[in-house]
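Welcome, and please have your viewer ready. We will go from one selection to the next and say what is there at each stop.

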Amino acid sequence: MTDRYAVVGNPVAHSRSPDIHAMFAEQTGQDLTYERLLAPLDGFEATLRAFAAAGGRGCNITVPFKFDAFALATTRTERAQLGGAVNTLRFDQGGWTGDNTDGAGLVNDIQRNAGRPLAGLQVLLVGAGGAAAGVLGSLIAAGPAGIAVVNRTFDKAQALVASHAHLGVPLAAGTLVDAPAAQDIIVNATSTSLAGAASPVDARVLKPGSLALDMMYGPKAQGFLDWATAHGAEPRDGLGMLIEQAAEAFFFWRGVRPDTAPVLKALRASL
Ligand code: ATR
């Protein structure tokens with residue numbers, strides 16, 4: 001029987017995940033379907049239960065339900081536990097296992113696709129909301145020299161750093177104006193690109209050859225990418241991260257690793 005998967009969110013119509021997973025399934029010969037499920041804002045759990053009862057084997061979770069998914073999971077992977085959010089659920093016999101593949105997706109994109117091994121580098125993570133929390137643990141695990149987390153609201157940066165302080169990489173918290181200069185890797189995990197803003201931090205955070213990545217992709221990310229280019233940095237949008245996090249989820253469900261390179265190429269061409 002064909003196994004069913006879905007991406008659950010609100011809104012969800014814009015999600016590219018069905019295209020990505022269809023390409024993964026075709027490439028690996030896995031017999032599955034992947035659909036979009038719009039959950040009412042007050043009906044996330046009911047939507048999941050109905051999908052699982054109808055033969056769903058797992059799902060990806062997008063805004064605004066990643067915290068609800070965390071709460072509903074009966075077991076969680078260590079990286080999901082650390083970030084406090086779940087973007088992938090697997091419906092197992094005994095319960096629902098929650099994972100978070102966003103951080104591994106970001107790290108794989110930076111290291112494999114952009115060719116920047118993080119070991120020994122200085123990383124600036126801009127933002128301290130759900131998106132930033134979901135990736136900090138994986139950035140730390142890649143072994144950079146240090147990570148500064150800066151945010152408009154200082155308290156949130158400080159809390160995020162405090163919850164990861166035991167992991168053995170030097171971490172600093174600050175406000176946007178405290179952002180340290182000349183960083184190797186800058187990750188924009190704020191939602192400022194949604195409003196078309198260029199960058200929430202000053203260009204002194206960059207140096208020639210810095211990699212400046214916005215987790216968004218498409219026209220929304222353009223302001224940030226143009227800002228990075230104008231200041232001599234290498235711009236990178238969130239499309240690679242999106243595909244890499246999907247590949248991690250695919251592996252979590254199916255135990256098979258798809259080749260992401262042709263999928264990135266195809267999706268880039270269709271944007
Ligand atoms: P997400 O799940 O996308 O991370 P979120 O949890 O609401 O969404 O977090 C949004 C992030 O973007 C936060 O870091 C937020 O800063 P605050 O914690 O100070 O709210 C940041 N952000 C949103 N609008 C911003 C703006 N205009 N300037 C700077 N940072 C902004």
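Select the shell of residues around the ligand: by class, the shell holds 3 nonpolar, 8 polar and 2 charged residues. Which of these 13 residues come nearest to the ligand? Highlight Gly 129, Gly 130, Arg 152, Thr 153 and Thr 190 to see them. Keep in mind as you look around that this is a predicted model.

Next, colour residues 117-193. UniProt lists this span, in an unreviewed entry, as "domain: Quinate/shikimate 5-dehydrogenase/glutamyl-tRNA reductase".

Now for some helix packing. Two packed helices are described by the angle between their axes and the distance between the axes. Show helix 5 (residues 102-113) together with helix 9 (residues 239-254): their axes are 7 Å apart and the packing angle is about 120°. Helix 5 and helix 9 are therefore oblique to each other, and the crossing is right-handed. To see the contact, pick out residues of helix 5, including Asp 102, Leu 106 and Asn 113, and residues of helix 9, among them Gly 240, Met 241 and Glu 248. By class, this contact of helix 5 with helix 9 has 3 nonpolar, 5 polar and 4 charged residues.

Helix 5 passes helix 6 in a right-handed crossing. On the helix 5 side, select Asp 102, Gly 103, Ala 104, Leu 106 and Val 107; on the helix 6 side, select Gly 134, Val 135, Gly 137, Ser 138 and Leu 139. The contact of helix 5 with helix 6 divides into 5 nonpolar, 4 polar and 1 charged.

The last stops are about the backbone. Most residues other than glycine have a negative phi, and most peptide bonds are trans.

- Go to Pro 11, in the loop between strand 1 (3-9) and helix 1 (17-28). The peptide bond from Asn 10 to Pro 11 is cis, with omega near 5°.
- Move on to Pro 64, in the loop between strand 3 (56-61) and helix 3 (66-72). Val 63 and Pro 64 are joined by a cis peptide bond, with omega about -5°.
- Finish at Ala 182, in the loop between strand 9 (171-174) and strand 10 (185-188). Ala 182 is not a glycine, yet its phi is positive, near 50°.

Technical notes. Residues numbered from 1 in each chain as written. Predicted model: local features only at pLDDT ≥ 70, side-chain atom pairs only at ≥ 80, totals over all residues. Near = placed C-beta within 6 Å. Nonpolar A, V, L, I, M, F, W, Y, C, P; charged D, E, K, R; others polar. Axes fitted to C-alpha atoms, helices over the stretch in contact; angles between N-to-C directions. Helix = DSSP H or I, 4+ residues; strand = E, 2+ residues; numbered from the N terminus. Parallel < 35°, antiparallel > 145°, perpendicular 65-115°, else oblique. Left-handed = near helix turned anticlockwise from the far one by under 90°. Contact = placed C-beta atoms within 7 Å. UniProt positions renumbered as here; feature names shortened; annotations may be inferred.
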